[in-house]
Amino acid sequence: MTNQPNQNPEVKYPALCHYRIIAIDHPNMKFVIETVSMNLGITAPVVPGRKSAGFKYRSFGIEVVVHSKEQMERFDQEFRNIEGVKMVL
């Protein structure tokens, strides 16, 4: 048996990217995420997900076709910059 270092496979673009955004459960959060998405040229729907056990946070999902690593990182950073967003996966 040979030991090979754990290598990350290279992503080939365009690629479908699944973003999971964890944010404070505020009534306008979906609208804010949709607005940022539209400003980025994303037309995919923002899908509300589960609420946290204490009902303080909610997840939102969005699937986007990205054409480069830079574009993927830009989308990630813009979602992270939204006030009330705690995590982007």
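Is S59 buried or exposed? S59 is buried, as its relative accessible area is 11%, and the cut-off for buried is under 20%. Please keep in mind while reading on that this is a predicted model.

## The fold at a glance

Let's start with the overall layout. The protein chain contains 2 helices and 4 strands. Read from the N terminus, these elements follow the order β-α-β-β-α-β. The radius of gyration is 15 Å, well over the 12 Å that the globule rule gives for 89 residues, so the protein chain is more spread out than a compact globule.

Along the principal axes, the C-alpha atoms fill a box of roughly 55 × 30 × 20 Å. Contacts in the chain also reach along the sequence: when residues at least 6 apart are considered, 70% of their contacts join residues at least 24 apart.

## Surface and charge

How much of the protein chain counts as buried? The share is 28% of the 89 residues. The chain exposes about 6,600 Å², and carbon and sulfur atoms supply 53% of that area.

As for charge, there are 11 positive and 9 negative side chains in the protein chain. The centres of these two sets lie 8 Å apart.

## Strands 2 and 3

Strand 2 covers residues 47–51 and strand 3 covers residues 57–66, and the two pair in the antiparallel sense over 3 bridges. Within this pairing, P48 stands opposite F60 of strand 3. The hairpin has 5 residues between its strands.

F55 belongs to the loop between strand 2 and strand 3. Its phi is near 60°, a positive value in a residue other than glycine. F55 is exposed, because its relative accessible area is 59% and the cut-off for exposed is over 50%.

## Back to S59

Where does the buried serine from the opening sit? S59 lies in strand 3. Which residues is S59 in contact with, leaving aside its neighbours within four places in sequence? They are R20, I21, I22, V47, P48, G49 and R50. One of these, P48, is also the residue that stands opposite F60. The stretch of residues 47–51 forms strand 2, while strand 1 spans 15–24.

## S37 in helix 1

S37 is part of helix 1, which runs over residues 29–39. S37 counts as buried because its relative accessibility is 2%, against a cut-off of under 20%.

What does S37 touch, not counting residues up to four places away in sequence? The list is I42, V46, I62 and F79. Take I62 as an example: S37 and I62 are 25 residues apart in sequence, and their C-alpha atoms are 9.2 Å apart in space.

Y13 and P14 are joined by a cis peptide bond, with omega at about 0°. P14 is found in the segment before strand 1.

Note on methods
Residues are numbered from 1 along each chain as its sequence is written. This is a predicted model: local features need pLDDT of at least 70, side-chain atom pairs count only at pLDDT 80 or more; totals for chains, interfaces and linings use all residues. Side-chain values use heavy atoms; hydrogens and water are left out. The radius of gyration is taken over C-alpha atoms; the globule rule is 2.2 Å times the number of residues to the power 0.38. Buried means under 20% relative accessible area, exposed over 50%, partly exposed in between (1.4 Å probe, protein chains only). Contact means heavy atoms within 4.5 Å. Accessible areas come from the Shrake-Rupley method with a 1.4 Å probe; for residues, only the protein chains shown count as cover. Lys and Arg count as positive and Asp and Glu as negative; His and the chain ends are not counted. The place of a charge is taken as NZ of Lys, CZ of Arg, CG of Asp or CD of Glu. Two strands pair if DSSP finds at least two bridges between them.
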